[in-house]
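Trainee: Could you walk me through this one before I start setting anything up?
Mentor: Gladly; let us have it on the screen.

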Amino acid sequence: MKFLFVTLFPEQIEQAASHSILQRAASKGLIKVSCINPRDFTHDVHRTVDDSPFGGGAGMVLKPEPMVAAIRKAKEQLPNARVIAMCPGGRTLKQSIVEEYAHSGQDFIFVCGHYEGFDERIFYWVDEKLSIGDYVLTGGEMPAIIVMDAISRFIPGVLGKIESAEEDSFRTGLLEYPQYTRPVNFEGMEVPEVLRSGNHALINSWRLKQSLKATLALRPDLLSAEQKELLTGRLPYKMKKSERRFYEELRAEIAAEQEKRASAEVKEDEANG
Ligand code: 4GY
């Protein structure tokens, strides 16, 4: 998969792609990263890429001519690419969008601004606006790198088979279960017994419970109505015995933990008078 960045700061992109997993992916030819600098499409001695905004106001605006010349060049190099402008006003990135991109078979052109905004007219050459979250950064380079990174994890061979992105907990819509490695006892904190039991049915069930509990506690918005019903509502009339037992145990554990938290709070209140 090819990623082409239209950016005034190509070094920032090259630096990000030159470490660890992305660097290995590039050296294996699984991804190709390149940049086009709008500054190379200016014609004045100062190589000017920005100008003051019509109507007044603070800050500068990226001039449309070098931006569009750079985007045109990028499209020439990658005719099948999706052209994405990184800006806070775009659709907000989430894992389902990453997967859609990863499985689209397309290449990507990321249009990055820096410090200043785009002239509105460049969006004629852009397929979509994308945001990585509701905050404003100094440039679109880091957001674009994030998008490339998230997509790359889905390209076969970029991650090992075992750590494959298709296996991610986020794909199940749940948060990760807790992980441990040696030592068994670290500063008095023990690795849960079940993980050392060697019983894989038990381990899988424990992990799923942990994922469900963590998601309910920290990100209930990620749970479907059906998943919430299973955790807190009525269990379906028709349900496999083993599954029913799983959810009954899980609910009991959630209730016990809630009870423990509540009584700890009471104790704290009492201590504070
Ligand atoms: N958030 N998600 C974001 C951003 C800043 C264009 C220069 C974001 O994607 N991009 O904050 N970008 C850029 C926007 C003009 C500053």
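Mentor: One definition to begin with: a charge sits over a ring if NZ of Lys or CZ of Arg is within 6 Å of the ring centre and within 35 degrees of the ring normal. Please also keep in mind that this is a predicted model, in which local features need pLDDT of at least 70 and side-chain atom pairs count only at pLDDT 80 or more, while totals for chains, interfaces and linings use all residues. Residues are numbered from 1 along each chain as its sequence is written, and side-chain values use heavy atoms, with hydrogens and water left out.

Trainee: OK, so which residue lies over the face of Phe-123?
Mentor: That is Lys-129, at 4.1 Å from the ring centre of Phe-123.

Trainee: And what kind of pair do Phe-118 and Phe-123 make?
Mentor: Let me start from the whole structure, where a search finds 8 aromatic pairs, a pair being two rings of Phe, Tyr or Trp (its six-membered ring) with centres within 6.5 Å, counted as stacked when the planes are under 30 degrees apart, edge-to-face when over 60 and tilted for the rest. Phe-3 and Phe-110 have ring centres 6.3 Å apart and planes at 10°, so they are stacked. For Phe-118 and Phe-123 the centres are 5.7 Å apart and the planes at 80°, so that pair is edge-to-face.

Trainee: Which residues form the aromatic cluster?
Mentor: Phe-3, Phe-5, Tyr-101, Phe-108 and Phe-110 form one cluster.

Trainee: Switching to strands: how many bridges join S5 and S6?
Mentor: Strand S5 (residues 81-92) and S6 pair in the parallel sense over 5 bridges, with Ala-85 opposite Val-111 in S6. Strands here are DSSP runs of E with at least two residues, helices are runs of H or I with at least four, both numbered from the N terminus, and two strands pair if DSSP finds at least two bridges between them.

Trainee: What about S5 and S8?
Mentor: S5 also runs parallel to strand S8 (residues 128-131), joined to it by 5 bridges, and the partner of Met-86 in S8 is Leu-130.

Trainee: What order does the open sheet of 3 strands have?
Mentor: The order is S3-S4-S7, with mixed pairing, and the edge strands are S3 (50-51) and S7 (117-118), each pairing on one side only. S3 and strand S4 (residues 61-62) are antiparallel over 2 bridges, and Asp-51 stands opposite Val-61 in S4.

Trainee: Now H5: how many of its 12 residues are buried?
Mentor: Helix H5 is mostly covered, with 9 of its 12 residues buried, among them Ile-145, Val-147 and Met-148.

Trainee: And how far is Met-148 from Arg-82?
Mentor: They are 13 Å apart in space, C-alpha to C-alpha, and 66 residues apart in sequence. Arg-82 lies in strand S5 and is buried, with a relative accessible area of 15%.

How values were computed
Buried < 20%, exposed > 50% of the residue type's maximum accessible area, 1.4 Å probe, protein only.
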